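Have the sequence and the model open while you read.

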Amino acid sequence: GFDWTTPEPILVKLREEIAECEAAMAANDRAAITDEIGDLLFTLANLARRLDVDAEAAARAANRKFERRFRAMERSASERGLAMGEMSLEELEALWVEAKRETG
């Protein structure tokens, strides 16, 4: 009986865990950061379970989507004669937004 029955309280818990992770980061406490990241992953897995989503399949799909978008960024940079390693974060973000539009 120690379980969430709807997604909403899981989202509340997720926000709580994010705040705890931010506090650990502010304290630069590596052990606490590791602990809080674990709590975040556990809470996200519970959210996925409650929503009947395969968390591992969702993570694999997100990785494939990231790779697709990153490859699009590389193509765009190359076509423009730009080296991504020399671009500013703002320029890279612009390429990312463009890649999202192109790849969905």
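R71 and E67 sit 4 residues apart in helix α3 (residues 55-79), so about one helical turn separates them. Helices here are DSSP runs of H or I, at least four residues long, numbered from the N terminus. The model is predicted: local features need pLDDT of at least 70, side-chain atom pairs count only at pLDDT 80 or more, and totals for chains, interfaces and linings use all residues. Residues are numbered from 1 along each chain as its sequence is written, and side-chain values use heavy atoms, leaving out hydrogens and water.

- R71 and E67 form a salt bridge, with their closest N and O atoms 3.4 Å apart.
- The term salt bridge means a side-chain nitrogen of Lys or Arg within 4 Å of a carboxyl oxygen of Asp or Glu.
- Side chains of opposite charge can pair when their charged atoms come close.
- R71 also forms a salt bridge with E74, where the closest N and O atoms are 3.1 Å apart.
- E74 and R71 are 3 residues apart, about one turn of helix α3.
- By the salt-bridge rule, the count comes to 8.

- R71 counts as partly exposed, at 40% relative accessibility.
- The scale is set with a 1.4 Å probe on protein chains only: buried is under 20% relative accessible area, exposed is over 50%, and partly exposed is in between.
- E67 is partly exposed, with a relative accessible area of 42%.
- E74 counts as partly exposed, at 32% relative accessibility.

- D3 and R50 meet through their side chains in a salt bridge of 3.2 Å, N to O.
- This pair links distant parts of the chain, 47 residues apart: D3 is in the segment before α1 (7-26), and R50 is in helix α2.
- D3, R49 and R50 are linked in a network of salt bridges.
- D3 is partly exposed, with a relative accessible area of 39%.
- R50 counts as partly exposed, at 30% relative accessibility.

**F42 in helix α2**

- F42 lies in helix α2, which covers residues 30-50.
- Is F42 buried or exposed? F42 is exposed, because its relative accessible area is 57%.
- F42 and R71 are 29 residues apart along the chain, and their C-alpha atoms are separated by 30 Å.

Definitions and conventions. Helix = DSSP H or I, 4+ residues; strand = E, 2+ residues; numbered from the N terminus.
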